[in-house]
Amino acid sequence: MAALEVRDLQTHFFTREGVVRAVDGVSFSVDRGQTLGIVGESGCGKSVTALSIMGLIPKPPAKIVGGEVQWEGRELTTLSERQLEDVRGHEIAMIFQDPMTSLNPTLTIGTQIKETLRRHLDISKDAARKRAIELLDEVGIPKPESRLDDYPHRLSGGMRQRAMIAIAISCNPELLIADEPTTALDVTVQAQVLDLLEELQASHEMAMILITHDMGVIAESADDVVVMYAGQIVEQAPVQELFDHPEHPYTEALLGALPQIDDASGRNQRLTAIRGRPPDLIDPPKACRFAARCPHASSGDSCATHMPELREIRPGHFVRSQHPASERAGKRVEVTA
Amino acid sequence: MHAVDGVSFDILNGETLGLVGESGSGKSTTGYCILQLMRPNSGSVRFEGVELTELKGESLRRMRRRMQIVFQDPYSSLDPRMTVGNIVAEPLIVHSVSNRKERRARVRELLDTVGFDPSFTNRYPHEFSGGQRQRIGIARALALSPDLIVCDEPVSALDVSIQAQILNLLKDLQDQFGLTYLFIAHDLSVVRTMSDRIAVMNDGKIVEIGDAQYVYSHPREEYTRALLKAVPIPDPRKMKERKQERRQLQKSLADG
């Protein structure tokens, strides 16, 4: 059995305007030593999915209204806040996009690491200090002893992200959830942080969920990929398979919309823009949620009135569409590599 | 503190010069200095032979009509209390180029040009998505029929699918109106699809400048190479090779 199994997760926001179906029936699993990438654009529900697993959604207005989150055979959605606190930071840890808002600006880096260690492990003050230095060293922060007494604002963006990673791995979590961990960083720093996460995952044999909007980051770091759109999974496949044979029109369009750095046509590249915008998630259409923007759908299709199921089109490759690429004979949209 | 230090380059009529660099490299400051939104401490900025740094008052105003800017954040660069129509009309009013009736027609024409429904002129910016707002910002920049537009990270706040719409639009407008662009961005893939020539900035200096194709395929400087190798590309197979090369480069940069 997989370390983490999410089944038919539904997280809704109860607002004055109506019920927002932010996450609407999401299922996936992650094993130790494996990185699952969740990719999608703003508002697709990828972060809410992560927060739901962690029990960190703001209640109210949000509520998990259905589904299961099975962690090592335990159901997390029914745990009390107290029980969740024992899991969070210990067995499951999370890092966020902006380390400046998730680190406490009034506490030193050292204090914040030691705090986590002593919350979860039976460990003396001296031992915690020693361990904190080791951790800062492990995440590649130079001169860790002197950094221990620094406040977050003294560190650069990349170093802050490393400090946050140090806190996250301090209790040897079995699952690390990284929500846009490199989005605020420059490309050279991003590359270093992704390398670091990869190394740590291997050395700690963690399961990892990597949430990003960037297909490049997915190609770089994920083993398996979930593509989300409007609160649902629209495609799911091993990473190479997904990039070699994208099936869902949305995945194809996302790849076509990306400027290619190694495309020799340079300036003459024409990007495939996706017309329109994602649907409102208050009373979303009963139809396929991508239908209104889909270049292959026509009004007579059943996907204009019925939601397509997520089906296995090839072993391990799932797609939620009436018009997957491999069933569109001769009409295949060319996706440049 | 020298944010920009001894930078020299030229932009040819009708071309796009891409200016790339990481945060703090001085690329936006360079853009502001060209438009005289910031006055450089020393140095010279010439626009069609006219020295801009010496211009003041009315002559500077006159010059500014021909140089416009599109900002990164379509949320903070549009006045939330002004209607879409007034935002786009503002440059026309400030430079008093037309009467009320002509203005109204011009605003509709501009919005139509950038793919924004002109029937929404009485709405406010908050009613629109990031992509639509950026169209409003572009319409405003076009209002005075400028020759040069400085695009300062025009798509970095947008989702990929919307980003593609805006990049395509900017290219179409350039063809249609013969615009010259200084295109400032941190995303090297985006700059590649937009630029004829590219200048790479680091620490307030231009480290490399040249034909876009050439800079990307044969980067001369170590810094440019490291930057290019750090960009994640959407191809898992190629990514594996790049990771190897990247680690070697980082090592040699750290050692050298």
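Predicted model: local features only at pLDDT ≥ 70, side-chain atom pairs only at ≥ 80, totals over all residues.
H5(A) itself runs over residues 125-138, and its 14 residues reach 20 Å from first C-alpha to last, close to the 20 Å expected. Just after this helix, A:Gly140 adopts a positive phi of about 80°.

I turn now to H7(A). Of its 13 residues, 11 are buried, so this helix is largely enclosed by the rest of the structure. Among the buried residues are A:Arg160, A:Gln161 and A:Arg162, as well as A:Met164 and A:Ile165. The buried residues pack against strands S6 and S7 and helices H3, H4, H5 and H8 of chain A.

My second topic is the interface. Chain B places 43 residues in contact with 44 residues of chain A. Together the two chains bury about 3,800 Å², 51% of it on carbon and sulfur atoms. On the chain B side, B:Val160, B:Pro234 and B:Pro236 lose the most area to chain A, together accounting for 16% of what that side buries.

What of the polar terms? There are 4 salt bridges between the chains and 16 residue pairs in polar contact. A:Arg270 pairs with B:Asp172 in a salt bridge, with the closest N and O atoms 3.1 Å apart. H6(B) supplies the largest share of the chain B side, 11 residues. By class, that side comprises 18 nonpolar, 13 polar and 12 charged residues.

Technical notes: Residues numbered from 1 in each chain as written. Chains lettered and ligands numbered in written order. Heavy atoms only, no water. Helix = DSSP H or I, 4+ residues; strand = E, 2+ residues; numbered from the N terminus. Expected span 1.5 Å × (residues − 1). Buried < 20%, exposed > 50% of the residue type's maximum accessible area, 1.4 Å probe, protein only. Contact = heavy atoms within 4.5 Å. Buried area = accessible area lost by both parts, 1.4 Å probe. Salt bridge = Lys/Arg side-chain N within 4 Å of Asp/Glu carboxyl O. Polar contact = N/O pair within 3.5 Å; in protein donor to acceptor, adjacent residues only side chain to side chain. Nonpolar A, V, L, I, M, F, W, Y, C, P; charged D, E, K, R; others polar.
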